[in-house]
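Reader: I have a structure open on my screen and would like to talk it through. Could you take my questions one at a time?

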Amino acid sequence: MISIKNVSKSYNQKNKIINNLNLEIKNGEIFGFLGPNGAGKTTTIKMITGILEIDQGEILINKINIEKNPIEAKKQFGFVPDNPDMFLKLKGIEYLNFMADVYEVSSEDRKKRIEELATLFEIKNELNNKIQSYSHGMRQKIIIIGSLLHKPNNWIIDEPMTGLDPKATYELKNIMRQLANQNKTVFFSTHILDVAEKLCDRIGIINKGKLIFVGTLEEMRKELKENNSLEELYMEITKND
Ligand SMILES: Nc1ncnc2c1ncn2[C@@H]1O[C@H](COP(=O)(O)OP(=O)(O)OP(=O)(O)O)[C@@H](O)[C@H]1O
Ligand SMILES: [Mg+2]
């Protein structure tokens with residue numbers, strides 16, 4: 001469970017990039033975070049994950065405050081950032097073992113998980129090569145695997161499908177659903193509305209730092225009194241904002 005309470009953030013004194021955001025992502029749901037470029041999705045995700053300071057308000061992950069108790073809060077989630085270009089000097093397997101060390105995954109468990117996930121994402125033969133030599137999608141895959149090794153209670157993923165091939169996208173969506181079925185929380189940002197429409201239990205739309213809609217697709221349809229696709233509803237809802 002992720003609770004965002006009255007959160008505001010600016011990068012400079014002038015404009016609020018996030019303006020009094022309130023959002024609760026429940027256990028057992030896949031929550032899609034949508035909104036135009038620059039709306040504040042990544043900024044929100046960086047505050048949830050403790051990368052950025054929160055100016056006002058607070059964020060709790062499984063009831064643990066990310067700023068007051070960062071280590072304990074960070075144990076509660078796995079995170080895939082929007083940019084997978086990191087730890088480039090490490091070999092894939094070194095990165096995965098590093099992540100498993102950080103999250104205290106036993107050697108037996110990590111061996112099993114790495115084997116399973118690397119096979120699923122078709123990257124097993126690349127694990128002994130440096131991440132530097134990986135394509136964008138391959139880098140994305142190794143970060144995804146690293147974020148899942150400790151079986152997180154909350155999976156926070158920022159535009160996870162960008163650059164993934166169809167098989168990897170399929171597997172990613174399966175994992176999202178499996179985690180939700182295990183009563184865990186999946187929070188992801190995306191611009192792919194077709195995927196969001198099919199996959200999400202609830203959707204939040206943010207524009208210019210303000211949440212302009214939160215609810216199910218059905219609720220969105222009721223609010224707009226239309227029976228349209230998410231794409232059409234999104235266009236309508238963000239039109240005059
Ligand atoms: N480090 C920074 N310094 C100053 N302004 C920033 C910084 N990072 C982001 N911003 C600004 O904050 C706003 C929100 O950016 P953010 O990256 O959160 O958007 P986003 O919703 O993730 O967009 P996208 O869909 O393009 O990923 C934008 O106006 C952006 O210019
Ligand atoms: Mg972003």
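Reader: Which residue in β4 does Lys-5 stand opposite?
Author: Lys-5 stands opposite Glu-58 in β4. Strands here are DSSP runs of E with at least two residues, helices are runs of H or I with at least four, and both are numbered from the N terminus. This is a predicted model, in which local features need pLDDT of at least 70 and side-chain atom pairs count only at pLDDT 80 or more, while totals for chains, interfaces and linings use all residues. Residues are numbered from 1 along each chain as its sequence is written, and chains are lettered from A and ligands numbered from 1 in the order in which they are written.

Reader: And what stands opposite Ile-4?
Author: Ile-4 stands opposite Ile-59, which is also in β4. Strand β1 (residues 2-9) and strand β4 (residues 56-61) pair in the antiparallel sense over five bridges, where pairing requires that DSSP finds at least two bridges between two strands.

Reader: Which way do neighbouring side chains point in a strand, in general?
Author: In a regular strand the side chains alternate between the two faces of the sheet.

Reader: What is the strand order in the open sheet of four strands?
Author: The order is β2-β1-β4-β5, and the pairing is antiparallel. The edge strands, each pairing on one side only, are β2 (18-25) and β5 (64-65). β4 and β5 pair over two bridges, with Leu-60 opposite Asn-65 in β5. Their hairpin has two residues between the strands, and Asn-62 takes a positive phi near 45 degrees there.

Reader: Which strands does helix α1 lie across?
Author: Helix α1 (residues 41-48) lies across β1, β2 and β4, and runs at about 120 degrees to β1. That angle is taken between N-to-C directions on a scale from 0 to 180 degrees, with axes as lines fitted to C-alpha atoms, for helices over the stretch in contact; two residues are in contact if their C-beta atoms, placed from the backbone, lie within 7 Å.

Reader: Switching to the ligand, which residues are around ligand 1?
Author: The residues around ligand 1 are Tyr-11, Ile-17, Gly-35, Asn-37, Gly-38, Ala-39, Gly-40, Lys-41, Thr-42 and Thr-43, with the C-beta atom, placed from the backbone, required to lie within 6 Å of the molecule. This shell divides into three nonpolar, six polar and one charged. Nonpolar covers Ala, Val, Leu, Ile, Met, Phe, Trp, Tyr, Cys and Pro, charged covers Asp, Glu, Lys and Arg, and the others, Gly among them, count as polar.

Reader: What about the open sheet of six strands?
Author: Its order is β6-β7-β8-β3-β9-β10, with mixed pairing. The edge strands are β6 (77-80) and β10 (210-215), each of which pairs on one side only, and the twist averages 15 degrees from one strand to the next. β9 and β10 pair in the antiparallel sense over five bridges, and Ile-203 stands opposite Gly-215 in β10.

Reader: Where does Asp-201 lie?
Author: Asp-201 lies in the loop between α7 (193-199) and β9 (202-207). Leaving aside neighbours within four places in sequence, Asp-201 is in contact with Glu-29, Ile-30 and Phe-31.

Reader: Why is Asp-201 classed as partly exposed?
Author: Asp-201 is partly exposed because 16 other C-beta atoms lie within 10 Å; a residue is buried with 20 or more other C-beta atoms within 10 Å of its own, exposed with 12 or fewer, and partly exposed in between, with C-beta atoms placed from the backbone.

Reader: How many residues of the protein count as buried, as a percentage?
Author: Of the 241 residues of the protein, 39% count as buried.
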